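Open the model in your viewer and keep the selection tool ready. The stops below go from a loop to the cores and then to the rings.

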Amino acid sequence: MKKIILLAFTFIFMMNLLNAQTYKTRDGYVYFNPNKDLTHKDYEAASKEGTGILKVETSEVAFLVPMKTFHFNNALLEEHFNENYLESNKFPDARFSGKLIGFTKDQLTKDGVYNISSEGKVTMHGVTKDFKAPVKLEVKGKVATFYCHFTIKAEEHGINIPGLVKPKLADLTPIDATIKFQLN
Amino acid sequence: MKKIVLYLIVACCFLVKASAQDDLLKDLVKDDSAKVKHDFATATFKSTRVINMQSVEMTGAGNLQFMISHRFGQIWKEGKGWTNVAQLFGLNAGAANTYMSFEYAPKSWLNLGFAATGNAQLESWAKFRLVRQQSGAKNVPVTVVLFSSLHFDGSDGPSPDDYAWNRFSYLNQLLIGRKFNDKFSLQLIPSFIHYNIVPYGINNTNNVFSIGIGGRYKLTHKTAISLEYARQLNGYKDLLDESASAVNYVPDLVSIGYDWDTGGHIFQFFFTSSNAATNIAQLAQNTNDLRLGNFSLGFNLNRSYGIKKVVNTP
């Protein structure tokens, strides 16, 4: 009898472990260029310090990137980004939480490229918006890399762009996110 | 007994399920790795100058900043009456100083500068950031910057005629600044000036000390008012010039300014009690009495260019 109970508990414990199969990463890279002319290098910005979490069983994902980790080619634009537009002291990070659609845990065990998608919510500058974008998952050995290209409309997030600057910027800011998970 | 155990197991299962649905984002936010390790104070001042003097702000790594700084004549010269109006309160007075400078930042903590002004006056400097105001892993209350500049007088002036060394003077400043909140920043500026040759050469000192304070208050995201005061501590009274007549310099330097950030450029409009262009002349050779009419209008205009790419394209 006791053995059975012990076995049952062990089983639950194992289930628990499997269930809670989550991967965390600090290897998130986000890149954008808000200028209409994408060859304008002054406006390029990137952060290498995004953090992500992936729950395999439920396909849930979350991603967070602190605003102050974005660096621009032109330091003055970086200052404006933090001071005038994103107000990084008030809203220190951008967040995403949602689900991967078309993702199965088998994909992580087999090398290959999988086209899936993601749905959820993005919070930036204190405003939360629905999010939907295709995602490319590349599994190679013990590394799973998620690539996502999406666009964000600054106005929808309450970011006020003055008339003088507006003609230079694209209506929809294209953003590239690359999130690498180390699998073990 | 068996039943109880079964219930317990079922209950456990549910617990597991429930916890799995907890928001992942909360985990992430709680996680220390999601926070910025060093939360540096940025934009302590709008520009690399408070008004006349250097601020703790540095040109960003890989950026070249070009600055034109201009000071017009005095707004109301005593005893000149209507001439002052005709001269558009100094704007059209025929006496103005322009200071043109280039600053490049090979490293985020190092700026190298070169400037030219007036009558063959050249300057070059290095600006080192020693300590940076930050919170997070480390708590540092102030930013400390060492500003060290070299001034060369290339003019046909009367005194520095013999040796090239006589034409050099030096300014060393410690800039200690703190951003108190989003709007208000303050900076303390002790300076040490050394002349290789005493100006005019008689009964004077080679070393001049001065202490200054500068501050800014942001009105909006893009505009701010700034204030600057410096006082010369020695070597300004009863000096003798070449013809052995007494000269007195004015130890006080007062400036009030308005900063305007247009997005691409930063404009700083100001009134200052000295219309000299270089820091050395402002701090150690100021001849303007502290009287409203002696103030002159001026502006700094700067623009920076990203020279070196710091962002990796995916």
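Start in chain B of this predicted model by selecting B:Tyr163, which is in the loop between β7 (143-153) and β8 (168-179). Its relative accessibility is 58%, so B:Tyr163 counts as exposed.

Next, go to the largest nonpolar core, which has 46 residues. Among those with the most contacts inside this core are A:Leu54, A:Leu137 and A:Phe150. In soluble globular proteins, nonpolar side chains tend to be buried together. Select A:Leu137 and look at what it touches, including A:Phe103, A:Val113, A:Ile116 and A:Phe146. A second, separate core has 25 residues, including B:Met58 and B:Leu283.

Now turn to the rings. Over all chains there are 19 aromatic pairs. In one of them, A:Phe72 and A:Phe81, the ring centres are 5.2 Å apart and the planes are at 55°, so the pair is tilted. Both A:Phe72 and A:Phe81 are buried. Together with A:Phe32 and A:Phe70, these two form one aromatic cluster.

Select A:Phe131 and A:Phe150 next. Their ring centres are 4.9 Å apart and their planes are at 80°, so this pair is edge-to-face. A:Phe131 lies in strand β7 (residues 127-140) of chain A and A:Phe150 in strand β8 (residues 143-153) of chain A, so the pair ties together parts 19 residues apart in sequence.

Finish with two charges over rings. A:Lys136 lies over the face of A:Tyr147, at 5.0 Å from the ring centre. In chain B, the charged end of B:Arg132 sits over the ring of B:Phe40, 4.0 Å from its centre.

Notes. Residues numbered from 1 in each chain as written. Chains lettered and ligands numbered in written order. Predicted model: local features only at pLDDT ≥ 70, side-chain atom pairs only at ≥ 80, totals over all residues. Heavy atoms only, no water. Helix = DSSP H or I, 4+ residues; strand = E, 2+ residues; numbered from the N terminus. Buried < 20%, exposed > 50% of the residue type's maximum accessible area, 1.4 Å probe, protein only. Core = buried A, V, L, I, M, F, W, Y, C linked by side-chain atoms within 4.5 Å. Contact = heavy atoms within 4.5 Å. Phe/Tyr/Trp six-rings, centres within 6.5 Å; stacked < 30°, edge-to-face > 60°. Lys NZ or Arg CZ within 6 Å of the ring centre and 35° of its normal. Lists of a residue's contacts leave out its neighbours within four places in sequence.
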